[in-house]
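One definition comes ahead of the tour.

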Amino acid sequence: MTAQPSAKPSSPCTKVCVLDARTGLCEGCGRTRDEIGRWGSLSEPRRQAIMATLHERLAKAYPGRGALTK
């Protein structure tokens, strides 16, 4: 019996990896440096919980940026 490969972790990464010194957030996905660094070791439910906050987090950090995608 062969082991099933584990599923790739969910990720909000948009490939716009710029950490804003003022907000501490990645301008692309809204995660903090710590969240990005620990992402692969977080459980899927924890990743989903963080991802559920990112849209609002980015909207608060950059209110004049216009419509953000979810």
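A charge sits over a ring if NZ of Lys or CZ of Arg is within 6 Å of the ring centre and within 35 degrees of the ring normal. R31 meets that rule: its charged end sits over the ring of W39, 4.7 Å from the centre.

The model is predicted, so local features need pLDDT of at least 70, side-chain atom pairs count only at pLDDT 80 or more, and totals for chains, interfaces and linings use all residues. Residues are numbered from 1 along each chain as its sequence is written, and side-chain values use heavy atoms, with hydrogens and water left out.

Start with the fold. The protein chain has two helices and zero strands. Both are DSSP runs numbered from the N terminus: helices are H or I with at least four residues, strands E with at least two. Of the 70 residues, 24% count as buried. Buried means under 20% relative accessible area, exposed over 50%, and partly exposed in between (1.4 Å probe, protein chains only). Contact means heavy atoms within 4.5 Å. Among contacts with a separation of 6 or more, 43% join residues 24 or more positions apart.

Now return to R31. It lies in the segment before α1. Why does R31 count as buried? Because its relative accessibility is 6%. Leaving aside neighbours within four places in sequence, R31 contacts S11, P12, C13, L19, G24, L25, C26, I36, W39, L54 and R57. R57 is 26 residues away in sequence, and the two C-alpha atoms are 8.7 Å apart. A salt bridge is a side-chain nitrogen of Lys or Arg within 4 Å of a carboxyl oxygen of Asp or Glu. R31 has none; the nearest side chain of opposite charge, E35, is 6.1 Å away.

D20 also lies in the segment before α1 (33-38). D20 is buried without a salt bridge, and R22, the nearest side chain of opposite charge, is 4.3 Å away. What joins the side chains of D20 and Y62? A polar contact of 2.8 Å. Such a contact is a pair of N or O atoms within 3.5 Å; within protein, one must be able to donate a hydrogen and the other to accept it, and residues adjacent in sequence count only if both atoms are side-chain atoms. Not counting residues up to four places away in sequence, D20 touches L25, E27 and Y62.

Notes. Lys, Arg positive; Asp, Glu negative; His and termini not counted.
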